[in-house]
Amino acid sequence: MKLIVLERDGVLCAPIEEPTGGVAAWQALPGALEAAARLHHAGYRVALALELSGLGRGLFDMGSVQAMHAQILGRLAALGGRIDAIFFCPHAPEDDCDCAFPSGGLFRDLVERYALEPEDVNVVSSTERHAQAAAAAGLRVHGVWRADGAAPIDATRFDSLEAVVNHLLAATGR
């Protein structure tokens, strides 16, 4: 099985501080949903991994998160794609959990649930903390330049999810 794990904000959609704006706050990055759909068509399982510390801090509720993700999943389904799983850390910073970034706990759990070897999993990150967490779990990290121009991480860097997908699919002859 081929698995690719995406950071939601900065890779699939424009960065969102907290989903308190609900569905209206979500905006797909150009070509990102189409790229994610191409991954699905090429036989990849696609997952999201993200931190939602606002849940633990009481800034928003699970209903807001579910509404946003329903919008993402619906738009992706209209393109023939899908997200197989959404993994997230709901804890507040003071909870000192193993799943918060930059700890690799969330990614280790994801790899274990799919029964894969860490080096067989690709991760697309736009933030240092997300990339550090993926690297801490031994996953292969691809960085996407963020819309604000900040350099993401010390990894193979691309300008969009579409560029990462082109690279991965070209490497497999697709």
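**The sheet**

I began with the strands and found six of them in an open sheet, ordered β3-β2-β1-β4-β5-β6, with parallel pairing. Strands here are DSSP runs of E of at least two residues, helices are runs of H or I of at least four, and both are numbered from the N terminus. Two strands pair if DSSP finds at least two bridges between them. At the edges I noted β3 (85–89) and β6 (156–158), each with a single partner strand, so one side of each has no neighbour in the sheet. The twist averages 25° from one strand to the next; axes are lines fitted to C-alpha atoms, for helices over the stretch in contact, and angles run from 0 to 180 degrees between N-to-C directions.

This is a predicted model, where local features need pLDDT of at least 70, side-chain atom pairs count only at pLDDT 80 or more, and totals for chains, interfaces and linings use all residues. Residues are numbered from 1 along each chain as its sequence is written, and side-chain values use heavy atoms, leaving out hydrogens and water.

**β1 and its surroundings**

I counted five bridges between β1 (residues 2–6) and β2 (residues 44–51), in the parallel sense. Leu6 stands opposite Leu48 in β2. Helix α5 (residues 128–136) lies across β1, β2, β4 (121–125) and β5 (140–144), at about 165° to β4; contact means heavy atoms within 4.5 Å.

**Rings**

Which aromatic rings pair, and how? My search of the whole structure gave one aromatic pair. The rings of Phe101 and Phe107 have centres 5.7 Å apart and planes at 20°, so they are stacked. (Rings of Phe, Tyr and Trp, its six-membered ring, pair if their centres lie within 6.5 Å; planes under 30 degrees apart are stacked, over 60 edge-to-face, the rest tilted.) Phe101 and Phe107 are both buried, meaning under 20% relative accessible area, with exposed over 50% and partly exposed in between (1.4 Å probe, protein chains only).
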